[in-house]
Amino acid sequence: MTATTDGSGGPPVPHPPSASDRTTDHRPAPGDSAGLCTTALLTAQRSVEHLLGRQDPQGWWKADLETNVTMDAEDLLLRQFLGIQDEKTTAAAAVFIRGEQRADGTWATFYGGPGELSTTIEAYVALRLAGDRPDDPHMERAAGWIRAQGGIASSRVFTRIWLALFGWWRWEDLPELPPELIYLPSWFPLSIYDFGCWARQTIVPLTVVSAKRPVRPAPFALDELHTDRRHPNPPRPLAPAASWDGVFQRLDRLLHGYRRVAPRPLRRAAMNRAARWIIERQENDGCWGGIQPPAVYSLIALRLLGYDLDHPVMRAGLESLDRFAVWREGTAGPGDRREGPARMVEACQSPVWDTCLTVVALSDAGVPGDHPALVRAADWMLGEQITRPGDWAVRRPRLAPAAGRSSSTTTTTPTSTTRPRSSWPCAG
């Protein structure tokens, strides 16, 4: 089932404006405090009516979870890597990505924010995959800005990992993540259980990817995104040894050295252990952690370990990502040309968050606690409570489970290392 723009699983429900909405300006005159209070009360009343009208019959609320175009770019890169790209999905994703480009050629990480280098690089590469030419005006603006910010060499590690999958960056120039991390006990520094749920479920599959260092054939070059095409990754001095940057840089050098001497049976066993760990944490709906990053890297890791695309784990994982897609009507593209439908990928499904926040808002607006809408919402949220152990029990084995989900799909991942996002505290 594909998400829709009203946040429900079915067709959008139209909410036409009232006559007063269309014809009356209720803004108070400057200095009119009484008018300001009246406007505030009227706005609150309309907001309550709007929210009550959008509640699902089961009791929850959900709107589109908009993040940034890295979700959409990485979705296209994943499909290219797995060999499952299709023209309809690629074209619709490109429509959305183009529509989010700023006037200066960049893409931001949040609404109204400034251009961000890694986001702009990933968006640019995705549009190249969709067939946009590097000499198109909107692409030239993006590439010029990227070079001015230092090029690919100045982007974040995750972006360079995606590029390394196609030979656009050298694996040797990326941090080393050995799969043997899976064997570190929970009390050991940098154990996977030192990290929050979604981070932990991202790191484990990335250790497999780092060990395998796959390179798929690149459909084009990205020389235009380097400041120096002959030396795309200029050497940089190490940070001071006493700084955290310096410590991790030197640790990374040791890990690169370990890669050359790592016992093959141990490495093979570690990757197999990681695969079991990943599969055991797949949610009932096929996703991992209810969020995009661990899902895409888990699919890549399992594919590298020999899992066919038709394997139930892989099939369920891909289907879950499709459910994160929101399809919208066409928009105006570069040069004001009309484009086809747009496809936006949500980072996760958010009815738990949205319902909690809506209940708080309605309560603050004066809706009584015994209102049928709030009663339905409370019943639904209680049904989302998790009462069985998850990874948090590794550190808190005697703590009774009573955690709130971080989203609508998570059942195995309540965690004591992330802040609560619902109306009751996470375990721990």
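Residues are numbered from 1 along each chain as its sequence is written, and side-chain values use heavy atoms, with hydrogens and water left out. As the model is predicted, local features need pLDDT of at least 70 and side-chain atom pairs count only at pLDDT 80 or more, while totals for chains, interfaces and linings use all residues.

The secondary structure of the protein consists of 14 helices and two strands (DSSP runs numbered from the N terminus, with H or I of at least four residues for helices and E of at least two for strands). The protein has 428 residues, of which 47% count as buried (under 20% relative accessible area; exposed is over 50% and partly exposed in between, with a 1.4 Å probe and protein chains only). Of the contacts between residues at least 6 apart in sequence, 68% join residues at least 24 apart (contact means heavy atoms within 4.5 Å).

Helices α5 (residues 117–129) and α6 (residues 137–148) pack at an angle of about 145°, and their axes are 10 Å apart (axes are lines fitted to C-alpha atoms, for helices over the stretch in contact, and angles run from 0 to 180 degrees between N-to-C directions). The contact is formed by Leu117, Thr120, Ile121, Tyr124, Leu127 and Arg128 of α5 together with His138, Met139, Ala142, Ala143, Trp145 and Ile146 of α6. By class, nine of these residues are nonpolar, two polar and one charged (Ala, Val, Leu, Ile, Met, Phe, Trp, Tyr, Cys and Pro count as nonpolar, Asp, Glu, Lys and Arg as charged, and the others, Gly among them, as polar).

The largest pocket holds about 1,600 Å³ of space. A pocket is defined on a 1 Å grid over the protein atoms alone, as an open set of points where a 1.4 Å probe fits, with protein on both sides within 12 Å along at least five of seven lines; lining residues have an atom within 4 Å of a point. The volume is the space filled by probe spheres set on the points, which are joined across faces, edges and corners. The lining of the largest pocket comprises 46 residues, with Leu174, Pro175, Glu176, Phe248 and Asp252 nearest its centre. Two or more lining residues come from each of α7 (157–164), α8 (197–212) and α9 (244–261), and α9 gives the most, with eleven. By class, the lining has 29 nonpolar, five polar and twelve charged residues.

Helix α7 is mostly covered, since six of its eight residues are buried. These are Thr159, Arg160, Ile161, Trp162, Leu163 and Ala164, and their cover includes α3 (70–82), α5, α8 and α11.

Leu302 is located in α11 (residues 292–304) and is buried, with a relative accessible area of 0%. Beyond its neighbours within four places in sequence, Leu302 is in contact with Ala275, Ile278, Ile279, Trp288, Tyr307, Val313 and Met314. Val95, in α4 (residues 87–99), is also buried, at 5% relative accessible area. Val95 and Met344 are 249 residues apart in sequence, but 9.2 Å apart in space, C-alpha to C-alpha.

Most residues other than glycine have a negative phi. Leu190, in the loop between α7 and α8, has a positive phi near 65° and is partly exposed at 38% relative accessibility. Arg213, in the loop between α8 and α9, has a positive phi of about 50° and counts as buried at 17% relative accessibility.
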